[in-house]
Amino acid sequence: MVSPVLSTPSAFTPQSITPQSQERSSGSSSMSCYPCKAPDCSKHFSHQRKLKNHAKTHQRKTYVCETCPAQYPHAKSLREHRQTKHQNMRYYCDVEGCGDFVAQKKNMKRHKESKHAHP
Ligand SMILES: [Zn+2]
Ligand SMILES: [Zn+2]
Ligand SMILES: [Zn+2]
């Protein structure tokens, strides 16, 4: 009755993975032998296709919000984020005739120092 469904109905067996006497991956499982090549990623995959799929996530360029740590895969998403999240976060410079604004209050100090600093 209790038969573990470990065997998948595979029509063919994937190429047997023989560890060619190169460097042994010091990983715990020898099943996954397609390591991700991204520098800060240590993922391994049992199938090349899975690795390829995963690798795409590294190729995506990310757009990082300069106001908060949020990041998005598309410039459009970031723009929307800025508009919805930071549209009200504007601190206008109170120097007459300036009209500049910054997104964060702490930047105002810098703005004044760089723009309106008295020698
Ligand atoms: Zn990766
Ligand atoms: Zn943001
Ligand atoms: Zn100003």
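Helices here are DSSP runs of H or I with at least four residues, strands are DSSP runs of E with at least two, and both are numbered from the N terminus. With that definition, the elements of the chain run β-β-α-β-β-α-β-β-α from the N terminus on. In total, the chain has three helices and six strands.

Before I continue, two remarks on conventions. This is a predicted model, in which local features need pLDDT of at least 70 and side-chain atom pairs count only at pLDDT 80 or more, while totals for chains, interfaces and linings use all residues. Residues are numbered from 1 along each chain as its sequence is written, and chains are lettered from A and ligands numbered from 1 in the order in which they are written.

I turn to confidence. The mean pLDDT, the predictor's confidence in each residue on a scale from 0 to 100, is 78 for the chain. A value of 70 or more is reached by 71% of the residues. Confidence is highest in strand β1 (residues 34–35), with a mean of 94, and lowest in strand β5 (residues 91–92), with a mean of 84.

Next, the annotation. An unreviewed UniProt entry places the feature "domain: C2H2-type" at residues 34–63, 63–91 and 91–119. Such positions are given in the numbering used here, feature names are shortened, and annotations may be inferred rather than shown by experiment. Over residues 91–119, the chain is 38% helix and 14% strand, and the end C-alpha atoms are 24 Å apart.

How much of the chain is buried? A residue is called buried if 20 or more other C-beta atoms, placed from the backbone, lie within 10 Å of its own, exposed if 12 or fewer do, and partly exposed in between. Buried residues make up 0% of the 119 residues.

Let us consider helix α1. Its 12 residues reach 16 Å from the first C-alpha to the last, close to the 16 Å expected at 1.5 Å a residue; the expected span is 1.5 Å times one less than the number of residues. The count of buried residues in α1 is zero. Q48 lies in this helix, which covers residues 48–59. Why is Q48 classed as exposed? Q48 is exposed because it has 11 other C-beta atoms within 10 Å. Q48 and Y34 are 14 residues apart in sequence, and their C-alpha atoms are 6.2 Å apart in space.

Finally, two further residues. K37 sits in the loop between β1 and β2 (44–45), and is exposed because 9 other C-beta atoms lie within 10 Å. Its C-alpha is separated by 9.6 Å from that of H58, 21 residues apart along the chain. V64 belongs to strand β3 (residues 63–64) and is exposed, with 11 other C-beta atoms within 10 Å.
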